[in-house]
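Here's a quick briefing to read with the model open beside you.

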Amino acid sequence: SRGLVDLDMHLLGLKVAATPVKRASPVVLSYSAIKDRNVDLSNQIEEAFGFAGLGLLVIKGVPDYSKLRMQLLPLASQFASLPESIKMKYEHKESHYSFGWSHGKEQLKKGIPDIYKGSYYNNPQYDVPTTDKNKIDIAPEVCSQNIWPTDDFPQLEKPFKELGQLIVNTGSFLAYHCDKHVISKLGNDFSSENYLENVIRTSQSAKARLLHYFEMKDVLSVSPTDLDNWCGWHNDHGSLTGLCSALYQDVRSGQIIDNPDPEAGLYIQTREGGVVQVGIPPDCLAFQIGESSQIMSGGILRATPHAVKALQAPHCTYVARDTFAVFMQPNFNHLMTVPRGIKDTNVKQFQPGTDFGTFGKATIDMYYNS
């Protein structure tokens with residue numbers, strides 16, 4: 001799973017007039033607060049993940065996060081710069097390119113291949129999530145074995161796993177407070193099988209994605225009004241996504257630099273239909289709600305459409321962007337149910353009675369031609 005679901009509504013190709021960008025500040029929680037099971041964070045969870053929220057909050061003070069971020073993120077640019085013949089060795093068509101290297105396979109928008117973003121996918125917790133061939137045949141997108149570039153780029157595996165596991169552990173602490181909030185709204189109608197904390201702690205299907213956004217040498221393809229020219233509008237379809245603050249690199253010198261374009265970066269569509277830019281502080285770890293949690297919480301927790309806007313000329317011609325996301329999600333055979341009394345989840349590809357593997361495959365099929 002890559003945590004993406006296509007939005008073929010008016011969001012695709014969404015443009016804005018040349019007016020000042022609206023910026024929104026996310027809810028900020030401390031790591032010590034989310035680890036404390038006795039503290040009440042319901043108001044903050046509602047503000048961030050409820051109907052009117054951004055679908056995103058950030059955690060500050062995560063131990064070792066800043067160090068691991070700086071160890072891993074620069075490796076995205078390094079791997080992306082390897083010869084194509086080497087990178088192709090680590091592609092995995094059988095999983096819809098959901099393990100190993102993927103570039104140009106996904107669609108940025110309907111009918112437009114995503115050539116400006118390369119990804120390296122793996123499970124951050126389990127190299128071999130299952131040896132059951134039947135499970136692998138049914139759900140190769142989540143059940144396949146990890147693919148590490150041991151021969152050509154051995155330095156990737158260790159920091160990829162370490163940061164990925166830190167994000168999953170941190171997400172499990174946050175998930176407890178999300179469950180506590182949903183229980184306060186739904187009571188016993190919210191099944192313990194759907195508790196977000198249980199999903200994260202028992203799943204063997206987490207997927208981490210190291211992302212490299214390539215520089216755009218063709219300046220004519222970079223419209224100042226496009227908000228989705230580095231990453232198309234989408235909802236994450238897993239349960240909870242951990243997201244690092246991005247690094248920007250001058251590809252001419254290889255030096256890490258500050259973002260030279262204040263309007264480039266992450267954009268979120270609000271529930272009222274507006275669009276805001278959201279910054280993630282470098283020392284903070286962001287978390288976004290995915291559509292699986294929206295379904296399983298009966299809409300108490302809500303996913304939001306988001307996209308990434310590219311740098312404008314001339315910066316787009318020589319600056320690349322690197323980040324890392326971890327999609328925490330149910331096991332592929334987890335039956336996805338809605339709380340009692342809830343009829344509509346507002347997730348178009350969800351069919352009642354399906355498991356997460358089926359749901360995830362429907363999502364990925366929306367993004368790939370084959």
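Helix α3 (residues 65-80) packs against helix α7 (residues 157-186) at an angle of about 135°, and their axes sit 9 Å apart. Keep in mind that this is a predicted model, where local features need pLDDT of at least 70, side-chain atom pairs count only at pLDDT 80 or more, and totals for chains, interfaces and linings use all residues. Residues are numbered from 1 along each chain as its sequence is written, and side-chain values use heavy atoms, with hydrogens and water left out.

- Two packed helices are described by the angle between their axes and the distance between the axes.
- Axes here are lines fitted to C-alpha atoms, for helices over the stretch in contact, and angles run from 0 to 180 degrees between N-to-C directions.
- Helices (H or I, at least four residues) and strands (E, at least two) are DSSP runs, numbered from the N terminus.
- α3 and α7 are therefore oblique to each other; angles under 35 degrees count as roughly parallel, over 145 as roughly antiparallel, 65 to 115 as roughly perpendicular, and the rest as oblique.
- On the α3 side, Y65, L68, R69, Q71, L72 and L75 meet P159, F160, E162, L163 and L166 of α7, where contact means heavy atoms within 4.5 Å.
- The residues of this contact between α3 and α7 split into 8 nonpolar, 1 polar and 2 charged (Ala, Val, Leu, Ile, Met, Phe, Trp, Tyr, Cys and Pro count as nonpolar, Asp, Glu, Lys and Arg as charged, and the others, Gly among them, as polar).

**α2 against α7**

- Helix α2 (residues 42-49) also packs with α7, at an angle of about 90° and with the axes 9 Å apart.
- That makes α2 and α7 roughly perpendicular to each other.
- S42, I45, E46 and F49 of α2 make this contact with L174, H177, C178, H181 and K185 of α7.
- By class, the contact of α2 with α7 has 4 nonpolar, 3 polar and 2 charged residues.

- C178 is in no disulfide, and its nearest cysteine sulfur, that of C284, is 17 Å away.
- C178 is buried, at a relative accessible area of 0%; buried means under 20% relative accessible area, exposed over 50%, and partly exposed in between (1.4 Å probe, protein chains only).
- For C284, the closest cysteine sulfur is in C244, 11 Å off and too far for a bond.
- C284 is buried too, with a relative accessible area of 5%.

**E197**

- You'll find E197 in helix α8 (residues 196-202).
- E197 counts as buried, at 11% relative accessibility.
- Leaving out residues up to four places away in sequence, E197 touches R37, S172, A175, Y176 and D179.

- Most residues other than glycine have a negative phi, and most peptide bonds are trans.
- H96 has a positive phi of about 60°, although it is not a glycine.
- H96 is placed in the loop between α4 (84-87) and β5 (100-103), and counts as buried at 13% relative accessibility.
- Y97 likewise has a positive phi of about 60° without being a glycine.
- Y97 lies in the loop between α4 and β5 and is buried, with a relative accessible area of 12%.
- A313 and P314 are joined by a cis peptide bond, with omega about 5°.
- P314 lies in the loop between β17 (306-309) and β18 (319-328).

Key: A disulfide is a pair of cysteine sulfur atoms within 2.5 Å.
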